[in-house]
Amino acid sequence: MPSKGKICNFDCIYCECGWNADGRSDSGMPNAAQVRSLLENRLCECMLNSEKIDSITFSGDGEPTLNPDFPRIVDDVIMLRDAFVPSAKISVLSNATTLDRPGVFDALCKVDNPIMKLDAVTAGMAQRINRPYKGYDPAAVIESLQRFEGNFILQTMFLKCKDFDSSDPVVLNAWMDVVRFLKPREVMVYTIDRPTPMQGIEKFTEEQMGELVRPLTDQGFKIQIKG
């Protein structure tokens with residue numbers, strides 16, 4: 001992603017990087033060669049300093065799979081991981097909207113942890129929390145997620161504000177039904193931890209989130225909760 005700006009097809013009300021409009025001063029994405037060079041240099045530094053690396057994670061200011069070189073970048077990162085830190089995992093944080101792009105799904109299947117976001121399961125709900133691009137269809141994303149056959153991590157933000165409440169039975173039950181349908185190998189439930197662009201957002205405690213997802217836990221789903 002850009003080193004200063006932000007490129008994303010969501011404009012989430014809770015994004016720690018701020019609104020998309022605030023990050024348009026730098027719209028240049030690094031190409032595969034640049035990412036490979038920077039990562040190789042950083043891994044060399046880590047080895048020299050005896051720094052332990054648990055995971056190499058695709059994250060940052062926006063949606064990483066929007067980079068046109070994403071599939072090639074994944075291949076390069078796997079190669080560098082295997083050469084420098086074979087015990088490290090490779091993780092990708094994504095909003096799962098580009099699974100239909102050439103090479104993206106296949107690339108995500110190569111990493112250890114494809115972490116796919118799904119905060120709301122209807123277009124109306126998503127508009128309130130994610131403010132996605134025009135035409136965003138959660139049903140299409142859910143259909144695409146089926147292709148993983150459960151071998152992915154589902155990540156969901158829990159929060160409460162004027163227009164959205166993750167604990168609302170209508171929101172919560174619809175989301176849990178999708179979890180049951182997709183059967184991800186793990187579910188990651190978290191809440192806000194840093195300043196948000198929209199004011200008035202409330203976070204949940206770990207205890208509250210644990211209680212909200214208890215029906216899934218009782219059914220045997222592996223739930224990771226982060227407050």
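Student: Which residues does tryptophan 175 touch, leaving aside those up to four places away in sequence?
Tutor: In this predicted model, tryptophan 175 touches Leu118, Val121, Leu154, Thr156, Phe158, Val187, Val189, Val213 and Leu216.

Student: And which residues touch the most other members of the largest nonpolar core?
Tutor: Trp175 is one of them, along with Tyr14, Leu145, Phe158 and Leu159. That core has 69 residues.

Student: Switching to the sheet. What is the order of its strands?
Tutor: The order is E1-E2-E3-E4-E6-E8. The sheet is open, has six strands, and its pairing is parallel.

Student: Which strands stand at the edges?
Tutor: Strand E1 (55-58) and E8. Each has a single partner strand, so one side of each is left without a neighbour in the sheet.

Student: How many degrees are neighbouring strands turned against each other on average?
Tutor: The average is 20 degrees, with direction ignored.

Student: What holds paired strands together in general?
Tutor: Strands of a sheet pair through backbone hydrogen bonds, and the pairing is either parallel or antiparallel.

Student: How many bridges are there between E2 and E3?
Tutor: Four, in the parallel sense, between strand E2 (residues 89-94) and strand E3 (residues 113-117).

Student: Which residue in E3 is the bridge partner of leucine 93?
Tutor: Isoleucine 115.

Student: New topic. How many salt bridges are in the whole structure?
Tutor: A search finds 14. One of these joins arginine 194 and glutamate 16, with the closest N and O atoms 2.7 Å apart.

Student: Where do those two sit in the chain?
Tutor: Arginine 194 is in the loop between strand E6 (186-190) and strand E7 (202-203), while glutamate 16 is in the segment before helix H1 (32-48). They are 178 residues apart, so the pair links distant parts of the chain. Glutamate 16 counts as exposed, at 52% relative accessibility.

Student: What about lysine 222 and glutamate 186, how far apart are their closest N and O atoms?
Tutor: They are 3.9 Å apart, and the two residues form a salt bridge. Lysine 222 lies in the loop between helix H8 (214-218) and strand E8 (223-226), and glutamate 186 lies in strand E6.

Student: Is glutamate 186 buried or exposed?
Tutor: Glutamate 186 counts as buried because its relative accessibility is 11%, under the 20% cut-off. Lysine 222 is exposed, with a relative accessible area of 53%.

Student: Which residue does glutamate 211 meet in a salt bridge?
Tutor: Arginine 214, at 3.2 Å from N to O. Glutamate 211 is partly exposed at 48%, and arginine 214 is partly exposed at 39%.

Methods:
Residues numbered from 1 in each chain as written. Predicted model: local features only at pLDDT ≥ 70, side-chain atom pairs only at ≥ 80, totals over all residues. Heavy atoms only, no water. Salt bridge = Lys/Arg side-chain N within 4 Å of Asp/Glu carboxyl O. Buried < 20%, exposed > 50% of the residue type's maximum accessible area, 1.4 Å probe, protein only. Core = buried A, V, L, I, M, F, W, Y, C linked by side-chain atoms within 4.5 Å. Contact = heavy atoms within 4.5 Å. Pairing = 2+ DSSP bridges. Axes fitted to C-alpha atoms, helices over the stretch in contact; angles between N-to-C directions.
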